[in-house]
Amino acid sequence: MPDIIILGPQADHPNLMDATRQIVTDGALCSITAGWQQREGEVQELQHHLDREVEDLHLYQRLDHALGLDPELADAHRTRQAGLRQRQRWYRRRLHHAMEAYLGLAAETGSSAALLAEQRSALNAIRALDRHHVRQIDAVHAVFNARWRPAHRPAMAEQRDAIVRRLDAAAAVLVAGGHVAALLSRLRLFGLESELREKRLIAWSAGAMALSERVVLFHDSPPQGPGHAEILDSGLGLLPRLLPLPHARERLRLHDPRRVALMARRFNPLQPVTLDAGSLIRVTGHKPVMAQGTARLTARGNLAGAPLA
Amino acid sequence: MSQLHPFLAAASAAPADAVDALIAAAEFPLIDDAGVTFVYRGAADAVRLRHWIYGLPTAESLEALGRHDLWFFRLDLPRGSRIEYKFEVVSGTNSHWIVDPLNDSVAEDPFGANSVCRAHGYTRPEWTLENPHARRGTIEQISIDSESLGASKDVHVYLPARFRRQRRYALLVAHDGSDYLRFSGLQQVLDNLIHRLEIPPMIVALSDPGERLVEYAANNNHARYIVKELYPALRQAFPLRDEPASRGLLGASFGAVAALHTAWSYPGFFNRLLLQSGSFAFTDIGTHNRGQIFDPVVDFVNRLRQQPGRPASKMFVSCGIYESLIYENRSLVPLLQSAGTEVRFEEARDGHNWENWRDRLRAGLSWLFPGPLWMVYE
């Protein structure tokens with residue numbers, strides 16, 4: 001499997017140029033900017049930064065176009081999305097109680113064996129709920145894909161062929177951040193997982209999340225709500241064992257050992273890794289071989305160096 | 001007063017030429033854990049503290065220190081408080097209201113400026129400050145010939161950064177929009193909250209009144225103007241989302257009355273209301289004593305209390321606990337909730353002023369119009 005590089009946000013201190021030079025010397029670059037939604041394809045800044053041409057694949061617009069020609073699939077897609085949102089609400093409702101139970105126990109003073117056992121049990125309940133949610137979401141996708149085979153519907157297949165032609169010609173693919181659900185659903189609907197598996201990839205922020213095994217949404221201090229991280233979906237699974245956390249310094253209370261430890265324990269065996277401006281993790285043959293400006297959240301509640309191979 | 005503040009103790013013992021240095025080294029008013037000591041220096045027959053804290057005398061006399069033309073007044077002030085004040089300086093038959101010459105911190109409003117006192121525990125929210133990383137929105141202007149108001153209205157419209165015509169946006173209509181811009185820093189707040197993904201990129205119409213106390217006093221013509229004239233004009237000019245949950249009204253004081261009255265007159269059209277320190281005066285029996293301009297307001301709120309209906313599905317109501325209107329605002333919340341509206345109420349240790357309203361915008365806007373914070377990682 002070719003190299004993958006994941007990066008933090010690129011807005012203020014981009015390191016995309018450095019990353020690109022590491023794995024692509026020449027050849028065409030194409031980009032996936034579906035996470036930018038209505039701004040998809042506005043790659044002028046990207047091209048300026050890289051000082052080379054970048055062809056965008058326009059997944060966001062291509063899906064809109066294809067669904068416009070295939071109202072039956074469009075209806076089914078809408079229904080599926082509504083079902084996913086509903087399941088997310090149910091999961092969030094259960095998660096809230098499970099998290100409150102765990103946090104309440106974690107705040108208890110003492111270190112008796114009985115208390116530690118209760119804390120472990122409460123954490124296991126969260127992990128079990130997370131697994132249950134992933135199974136439910138995976139099942140929704142499986143039923144939808146079996147029933148509709150979206151990438152093979154004529155309107156979708158036409159777009160997919162055009163995308164694959166461009167991918168075939170590209171030396172590497174840039175997967176930009178943005179709206180992670182919008183990005184992931186398009187990658188999945190066009191069935192691009194196997195094509196991307198064969199490409200050198202450079203992904204940042206939501207792009208990195210979409211390539212990982214699990215897409216975890218997180219913010220420790222949102223303006224509304226308790227800020228419990230939640231699983232959105234399975235990712236494409238191209239980044240084994242890594243759980244990318246873009247904007248971690250802004251979004252997470254990394255100085256709070258209890259929250260850091262919870263994140264690490266809850267999602268073990270995945271390794272939560274920070275992806276801030278300047279971060280870079282290079283993965284070769286499924287293993288991280290190089291890391292800059294990133295840290296791993298540990299079960300002890302601190303930040304450690306590079307992700308474990 | 002049990003103990004003189006250390007500054008005053010030092011000043012009262014110091015020679016005249018040392019007082020300037022003592023003043024230069026201090027920050028005024030003098031804040032401690034339990035409250036504040038106001039200090040004025042100057043020749044006068046009397047000096048009074050003028051503030052707008054409901055429940056306290058509106059004028060508090062400063063005590064002469066006895067030396068160096070220094071005057072002081074001690075006020076217990078709970079943590080987290082923020083108050084605005086002036087000094088009234090009396091000399092003979094002349095009386096002048098001035099901002100505190102020793103305090104650089106002022107808040108402006110349509111009537112001028114007041115000095116600001118921040119107790120321990122109050123910090124200006126970081127999201128109200130300029131953020132160099134936040135992209136700037138722009139302001140455009142549209143003109144509307146309003147039959148309802150019998151006037152031509154110029155309305156400024158905030159468009160978010162990276163505005164795209166092919167995208168549809170939520171709409172907020174802000175009463176006293178220009179004042180929100182000038183005195184509450186609304187544009188900067190919107191830029192910041194959108195940048196932080198806490199609210200979606202949205203369009204904000206900044207509506208200004210003609211004769212404010214008439215137009216905003218539960219005036220049917222105003223409600224008709226907003227729903228039948230302003231909204232269609234905005235709909236024509238900008239790509240707005242269609243559903244009522246993507247339409248909101250914002251207002252403070254009489255502007256909140258205008259917002260609630262508009263929503264009550266056209267229930268469900270604007271399904272999100274952000275009401276700040278609303279002048280929701282009412283009477284349970286007898287007449288009110290707030291003056292004639294409140295007559296239509298009291299009439300409206302009394303009718304609302306009889307038949308609240310469901311003006312909007314979600315309302316965020318805020319009020320300063322140092323305002324005379326706190327009772328009216330607190331009363332409104334259970335009434336609206338009992339009628340099926342989802343209401344959040346936030347109180348602050350602050351008064352009837354624009355910075356109080358600024359400081360509540362994040363909680364209100366992010367609840368009424370949640371942004372894509374959890375989904376977007378750029």
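The model is predicted.

Start with the sheet. Chain A holds an open sheet of seven strands. Their order is E3-E2-E4-E6-E1-E11-E12, and the pairing is mixed. Strand E3 (54–56) and strand E12 (287–292) of chain A are the edge strands. Each of them pairs on one side only. On average, neighbouring strands of this sheet are turned by 20° against each other, direction ignored.

Strands of a sheet pair through backbone hydrogen bonds, either parallel or antiparallel. One antiparallel case here involves strand E1 (residues 4–7) and strand E11 (residues 280–284) of chain A, joined by four bridges. Within this pairing, A:Ile5 has A:Arg282 of E11(A) as its bridge partner.

A helix crosses these strands. Helix H1 (residues 16–23) of chain A lies across E1, strand E4 (170–175), strand E6 (200–204) and E11 of chain A. Helix H1 of chain A runs at about 170° to E1(A).

Now turn to the interface. Here 20 residues of chain A are in contact with 18 residues of chain B. Which elements of chain A give two or more residues to the side that touches chain B? They are strand E5 (178–179), helix H7 (180–189) and helix H9 (206–211) of chain A. By class, this side of chain A has 10 nonpolar, eight polar and two charged residues.

Strand pairing also links the two chains. E5(A) pairs with strand E19 (residues 376–377) of chain B in the antiparallel sense, over two bridges. There, A:His179 has B:Val376 of E19(B) as its bridge partner.

Key. Residues are numbered from 1 along each chain as its sequence is written. Chains are lettered from A and ligands numbered from 1 in the order in which they are written. This is a predicted model: local features need pLDDT of at least 70, side-chain atom pairs count only at pLDDT 80 or more; totals for chains, interfaces and linings use all residues. Two residues are in contact if their C-beta atoms, placed from the backbone, lie within 7 Å. Ala, Val, Leu, Ile, Met, Phe, Trp, Tyr, Cys and Pro count as nonpolar, Asp, Glu, Lys and Arg as charged, and the others, Gly among them, as polar. Two strands pair if DSSP finds at least two bridges between them. Axes are lines fitted to C-alpha atoms, for helices over the stretch in contact, and angles run from 0 to 180 degrees between N-to-C directions.
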